[in-house]
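Subject: Structure handover

Hi,

Here is the structure for you to look at. My notes follow below it.

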Amino acid sequence: MSLSQRADALESKMARDLDYIVIKSRLYSMADGDMSPPPNAGALMKENPKARVLMGDDPRLPAMPEKPSLMDFFRLRFGPCMHLLQSARHAVKAGLPENMVLACLLHDISTIGFIRGDHGYWGAQLVEPYVDEEVTWAIRAHQVLRFYPDESVGYEYPQAYITAFGPDYHPDPYVEEDYKRMRAHKWYMSGRQITVHDIYSFDPNLHVELDEFTDVIGRNFRQPEQGLGFDNSPVAHMWRAMIRPAKYL
Ligand SMILES: [Fe+2]
Ligand SMILES: [Fe+2]
């Protein structure tokens, strides 16, 4: 059975079992190395007359409140976040200003909730309407700056990257170009601080509670009263994509 036949069989089994049909977005299929056309929703519905494609909440995922807050995303959508909590605590201990503690707390939210590749750019975009411009800038910059050492703050190229990417890895040219621009920017050190407090190999024995940062979030993240995803901001649809990642249309 080919990969796509297997996927189709799985979709139709799921429809029989669950009375709803999941058609994955193209990006998810490509991430599985699957270039085949999507399952035919019409054919699946014919086989399972009661089944419908998902347009509302996904019953496989925890229900989100009507007006979700950043905390709700941490608790109900994001994957394990100890790396972020430890990084933020590290930043507090170093005496960073609160807005930069928030930047450390949020720097990898795209990795844990949305898309990994270029996660600094995605993460910055996700938070842009709700935080200081400097926080957005720093989150975007950490994506790039982490590949470049800065002796003045004791930041070396992470050993973890040598292991993960191999000793011959070189960042893509667009990263190299962004590095030159970011190095010369007035907020360079803010982006750099994220890399300094980025805990590359997190400590499995150090547990940090998200509640430790409730006040920092409250003072530095402008939570929209309609809830993230429903505030008509330019990024609301990105938050909705995490609420309902398998929405058909
Ligand atoms: Fe990161
Ligand atoms: Fe990180």
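Which hand does the crossing of H5 and H6 have, left or right? The crossing of H5 and H6 is right-handed. A crossing is right-handed if the near helix is turned clockwise from the far one by less than a right angle, and left-handed if anticlockwise.

First, the ground rules. This is a predicted model, where local features need pLDDT of at least 70 and side-chain atom pairs count only at pLDDT 80 or more, while totals for chains, interfaces and linings use all residues. Residues are numbered from 1 along each chain as its sequence is written, and chains are lettered from A and ligands numbered from 1 in the order in which they are written.

**The chain overall**

The chain has 14 helices and two strands. Both are DSSP runs, numbered from the N terminus: helices are H or I with at least four residues, strands E with at least two. The C-alpha trace spans about 65 × 45 × 35 Å along its principal axes. The chain has 249 residues, and 29% of them count as buried. Buried needs 20 or more other C-beta atoms within 10 Å of the residue's own; exposed is 12 or fewer, and partly exposed lies in between, with C-beta atoms placed from the backbone.

Take contacts between residues at least 6 apart in sequence: 71% of them join residues at least 24 apart. A contact has the two C-beta atoms, placed from the backbone, within 7 Å.

The domain assignment gives domain 1 (3-53) and domain 2 (70-242). Such bounds come from an automatic or database assignment. The C-alpha centres of the two domains lie 34 Å apart.

**H5 and H6**

Back to the opening pair. H5 and H6 pack at about 160°, with axes 7 Å apart. Axes are lines fitted to C-alpha atoms, for helices over the stretch in contact, and angles run from 0 to 180 degrees between N-to-C directions. H5 and H6 are therefore roughly antiparallel to each other. The cut-offs are under 35 degrees for roughly parallel, over 145 for roughly antiparallel, 65 to 115 for roughly perpendicular, and oblique for the rest.

From H5, the contact uses Leu84, Ser87, Ala88, Ala91 and Val92; they meet Met100, Val101, Cys104 and Leu105 in H6. That contact has eight nonpolar residues, one polar and no charged. Here Ala, Val, Leu, Ile, Met, Phe, Trp, Tyr, Cys and Pro count as nonpolar, Asp, Glu, Lys and Arg as charged, and the others, Gly among them, as polar.

**H12 and what covers it**

Helix H12 (residues 188-197) is mostly covered, with eight of its 10 residues buried. Those are Ser190, Gly191, Arg192, Gln193, Ile194, Thr195, Val196 and His197. The cover includes helix H5 (82-93), helix H6 (98-106), helix H9 (133-145) and helix H11 (173-183).

H9 packs on H12 at about 60°, with their axes 7 Å apart. That makes H9 oblique to H12. The crossing is right-handed here. On the H9 side are Glu134, Trp137, Ala138, Ile139, Ala141, His142 and Leu145; on the H12 side are Ser190, Gly191, Arg192, Ile194 and Thr195. The contact of H9 with H12 divides into six nonpolar, four polar and two charged residues.

**H8 and H9**

H9 also packs with helix H8 (residues 119-127): their axes come within 7 Å and cross at roughly 170°. That makes H8 roughly antiparallel to H9. His119, Gly120, Tyr121, Gly123, Ala124 and Val127 in H8 meet Val135, Thr136, Ile139, Arg140, His142, Gln143 and Val144 in H9. By class, this contact has six nonpolar, six polar and one charged residues.

**Loop residues**

Asp118 sits in the loop between helix H7 (109-113) and H8. Its phi is near 60°, a positive value in a residue other than glycine. Asp118 has 16 C-beta neighbours inside 10 Å, so it counts as partly exposed.

Asn232 also has a positive phi, about 60°, and is not a glycine. Asn232 lies in the loop between helix H13 (214-220) and helix H14 (236-243). With 8 C-beta neighbours inside 10 Å, Asn232 counts as exposed.

Pro80 is in the loop between helix H4 (70-76) and H5. Pro80 is exposed, with 9 other C-beta atoms within 10 Å. Pro80 and Gly123 are 43 residues apart in sequence and 16 Å apart in space, C-alpha to C-alpha.

Best wishes
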